[in-house]
Amino acid sequence: MSRPPLRDRYDLAVIGAGPAGMAAAIKAAELGLDTVVLDEQATPGGQIYRAIGETPLRDPAVLGEAYWRGAALLETFHGTAADYVSEASVWSVSRDGEIGVSVGGAVHMLRAKRVIVATGALERPFPIQGWTLPGVMTAGAAQILLKSAAMVGSGRVVLAGTGPLLWLIAAQYLRAGGAFAAILETTPWRNLGRALPFLPGFLRSTYLREGLDLIAEVRRRAPLVRSVIALRAGGTDRLRDVTYRTGGGLEVTIRADTLLLHQGVVPNVNLALAIGCRHVWNETQLCFVPLLDAWGQSSVETVAIAGDGGGISGAVAAERRGNLVALDAAHRLGRIDASERDRQAAPHVEALRETQLGRGFLDRLFRPLRRFRLPRGQTLVCRCEEVTARQVRDAAALERIGPNQLKAYLRCGMGPCQGRLCGLTVTEMLADAQGVSPDEIGYYRLRPPVKPITVGDLAGLPRTETDVAAVERS
Amino acid sequence: MFRRLPDASVAAVAIAVDGLPVSARAGDTVAAALLAAGFSAFRTTGVSGASRGPYCMMGVCFECLVTIDGVASRQACMVPVRDGMRIETQRGRRAITT
């Protein structure tokens, strides 16, 4: 990759430098497309391969093999002809490929013939009482601190929730020298029944061995409480304790300095939604996913989506999907014909199928409990505007309102995170109150800028004569 | 509460937090540096005045907003530390400046 100044025009802009974005850029550049990668982080890798090129952790065994798979991809990415811009925050993409991006406080507009959105995943909201207290953070946040700064929680650390990533993070923490006061697992036992029909695929996948090893490793070294059905964080100005209850059991309160929450990851769809890509509700993964064809092509002509932003399927799949979108981009821009695209795609399609073998089982086994997705009472739904579950339920009982009316009623979803931490909760709560599907409720209407920019930055953009003529009085 | 693992040895970077000197490490984000220095609350909210600190560490939750070199409401988890950086924790709603 090279890091020249940002130009005005490219064949292809890739947004995000995780496994999907890096793979897409490498393939596109190899096929002769003039490509730029715009990534919000300081270094490539995305969240899964965060700090892969410079982690201060000395012992590679801490993060494990799955993490170090990213090293080969990073090395190829270093060698690609694609331009790479770090700390680049994309706040707007128009349907015809005009991109607004802030880099180090300076605003640029550029144009690409095609855009690949590779914005990855974020952790599903985990709205419990006290989840806004300092000292409560996501398990992913703790993993980022471990990977990028070689830091672990000190004092009493409690890890709570469900999902494959929960076990991975627990194992990495323990290997690094961290410790847990308790791991509170919220996976409901009855999920197993729904997952069982998908067991054959899981048995053939690599997830089985990796998963069992991780769980065994963690159970040996940390106190584990299973089937937790209620959870809250206590404290005034910061976390002091965690209270939990298991099915049929009494409430238990334990002192805690850090509470790490996790109940799976969901596609980070803010940018794709703001572009206008059509999304649909996925009832298995309990999230909105963009409507894509086999090449990752979205409902917007110029835009394709690769990686977990297009539906959760993991890092290895993301890399394959990155290759596929790049091949299709080269085809659509006339660099290769359809048969060449298909020929080069074949091994990726095959490998992609293999990565999905265990997915159906995992999605069902780790489906988060309803009560941890649909909060009640004084629990905050919208962290930014401090809107409680009761307020959302009261508003939902008044009339058949959607997420956008809720903004007007309660300011819910109107804070700086732009609904990233409450959008799914609000959709599910409204769907529940009205007895309809989340698809019918829909999601917040999102508009650019999807990342905050200052008025001064906007005013500083170069103006064309047409721009000036449009607002000047003669 | 966070601690640095003993096997990490990276160059030190000098920053100031609320006027006090803090030693960070090259490659830290501002949020990581503050957590390592013992800060758990980075700001109080504009709505109720409640304390908040980093939640996601990846730029999506906007809880870790601080003032960096005079610019308010920057995402601490997205900005790498640089030598001489001046950081202030925030109290409530930010003032409108011209």
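How many bridges join strand β14 of chain A to β15(A)? The number is four, and the two strands run antiparallel. Strand β14 covers residues 241-246. Strands here are DSSP runs of E with at least two residues, helices are runs of H or I with at least four, and both are numbered from the N terminus. Two strands count as paired if DSSP finds at least two bridges between them.

The structure is a predicted model, in which local features need pLDDT of at least 70, side-chain atom pairs count only at pLDDT 80 or more, and totals for chains, interfaces and linings use all residues. Residues are numbered from 1 along each chain as its sequence is written, while chains are lettered from A and ligands numbered from 1 in the order in which they are written.

A hairpin is formed by β18(A) and β19(A), with four residues between the strands. β18 spans residues 279-282 and β19 spans residues 287-290. Four bridges link them in the antiparallel sense. His279(A) has Pro290(A) as its bridge partner. In the turn, Leu286(A) has a positive phi of about 50°.

Pairing also crosses between chains. Strand β9 of chain A (residues 151-153) is joined to β1(B) by three bridges, and the two run antiparallel. Val152(A) is partnered there by Arg3(B). Across the interface, 35 residues of chain B are in contact (C-beta atoms, placed from the backbone, within 7 Å) with 41 residues of chain A. On the chain B side, β1 (2-4), α1 (30-36) and β5 (51-52) each give two or more residues. That side divides into 21 nonpolar, seven polar and seven charged residues. Nonpolar means Ala, Val, Leu, Ile, Met, Phe, Trp, Tyr, Cys and Pro; charged means Asp, Glu, Lys and Arg; the others, Gly among them, are polar.

Glu217(A) lies in helix α7 (residues 207-221) of chain A. Its C-alpha atom is separated by 29 Å from that of Thr284(A), 67 residues apart along the chain.

Conventions
Contact = placed C-beta atoms within 7 Å.
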